[in-house]
Amino acid sequence: MEILAQNQVTCGFAFQKLSTENLSLRLNDNTASLGFIYRHIGETMNMFGAFFGEIMGVENTTMGQEDKGQGKVLEDSVKLVSQGYEMLQRLVENNTDSWWLEEIDTPFFGRVTRIRLFAHVLFHNAHHAGQLSLTLARGSRI
C-alpha cells in the first residue's frame with residue numbers, strides 16, 4: 001500500500017498542475033499533448049485491471065493511437081485516473097501475498113507474477129508523469 005501511495009504522491013505533482021488551459025501543450029510537434037498523455041495514464045491503469053480480474057469497462061482511445069484530441073476534457077481523465085488508483089488500492093487491500101506471486105499471462109511481457117505487472121503499472125504512471133512535467137516546463141501550443 002505504501003508503494004501505491006508513493007506513486008500517487010510522486011505522480012500527483014505533475015497531475016495537479018494540469019488544467020483545461022494547458023491540456024493542449026506539447027513538447028514538440030511529434031509528441032502527444034498533455035491531455036492525451038494524462039488520459040492515456042488513466043485508460044491504461046483501468047485496462048490493465050483486466051489482468052488482475054478487474055473489468056473496468058474503459059475503452060482504449062490512446063494506447064497505440066495517435067493524438068487526435070483525446071483528453072480534451074480534464075474531468076474525464078481525472079475520473080479515469082482516480083478509478084484506476086481506487087482499483088489498484090482494492091487489489092492491494094483484498095489480496096494475499098501468495099495471490100500477488102501467482103503468474104499470469106500477458107500479451108506484453110509473457111508470463112509474469114501479478115506483483116511484477118503491478119510494478120509495471122506504477123512505473124508506467126511515473127514515466128508518463130515525467131513526460132507531463134517536462135512538457136509543463138518546456139512545452140508550447142503547436
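Biologist: Leaving aside neighbours within four places in sequence, what is Arg111 in contact with?
Modeller: This is a predicted model, to be clear. In it, Arg111 is in contact with Glu103, Ile104 and Asp105, once neighbours within four places in sequence are set aside.
Biologist: Which side chains make a polar contact with the side chain of Arg111?
Modeller: The Glu103 side chain does, at 3.3 Å. The Asp105 side chain does too, at 3.2 Å.
Biologist: Where is Arg111 found?
Modeller: In strand 3, which covers residues 110-113.
Biologist: And what is the relative accessible area of Arg111?
Modeller: The figure is 48%. Exposed would need over 50% and buried under 20%, so Arg111 counts as partly exposed.
Biologist: New topic, helices. At what angle do helix 1 and helix 5 pack?
Modeller: About 20 degrees, with the axes 8 Å apart. Helix 1 is residues 2-15 and helix 5 is residues 114-138.
Biologist: Parallel or antiparallel, roughly?
Modeller: Roughly parallel, because the angle is about 20 degrees and anything under 35 degrees counts as that.
Biologist: Is the crossing left-handed or right-handed?
Modeller: Left-handed, where helix 1 passes helix 5.
Biologist: Which residues make the contact?
Modeller: From helix 1, they are Ile3, Leu4, Asn7, Cys11, Ala14 and Phe15. Helix 5 brings Phe118, Leu122, Asn125, Ala126, Ala129, Leu132, Ser133 and Leu136.
Biologist: How many of them are nonpolar, polar or charged?
Modeller: The contact of helix 1 with helix 5 has 11 nonpolar and 3 polar residues, and no charged ones.

How values were computed: Residues numbered from 1 in each chain as written. Predicted model: local features only at pLDDT ≥ 70, side-chain atom pairs only at ≥ 80, totals over all residues. Heavy atoms only, no water. Axes fitted to C-alpha atoms, helices over the stretch in contact; angles between N-to-C directions. Helix = DSSP H or I, 4+ residues; strand = E, 2+ residues; numbered from the N terminus. Parallel < 35°, antiparallel > 145°, perpendicular 65-115°, else oblique. Left-handed = near helix turned anticlockwise from the far one by under 90°. Contact = heavy atoms within 4.5 Å. Nonpolar A, V, L, I, M, F, W, Y, C, P; charged D, E, K, R; others polar. Buried < 20%, exposed > 50% of the residue type's maximum accessible area, 1.4 Å probe, protein only. Polar contact = N/O pair within 3.5 Å; in protein donor to acceptor, adjacent residues only side chain to side chain.
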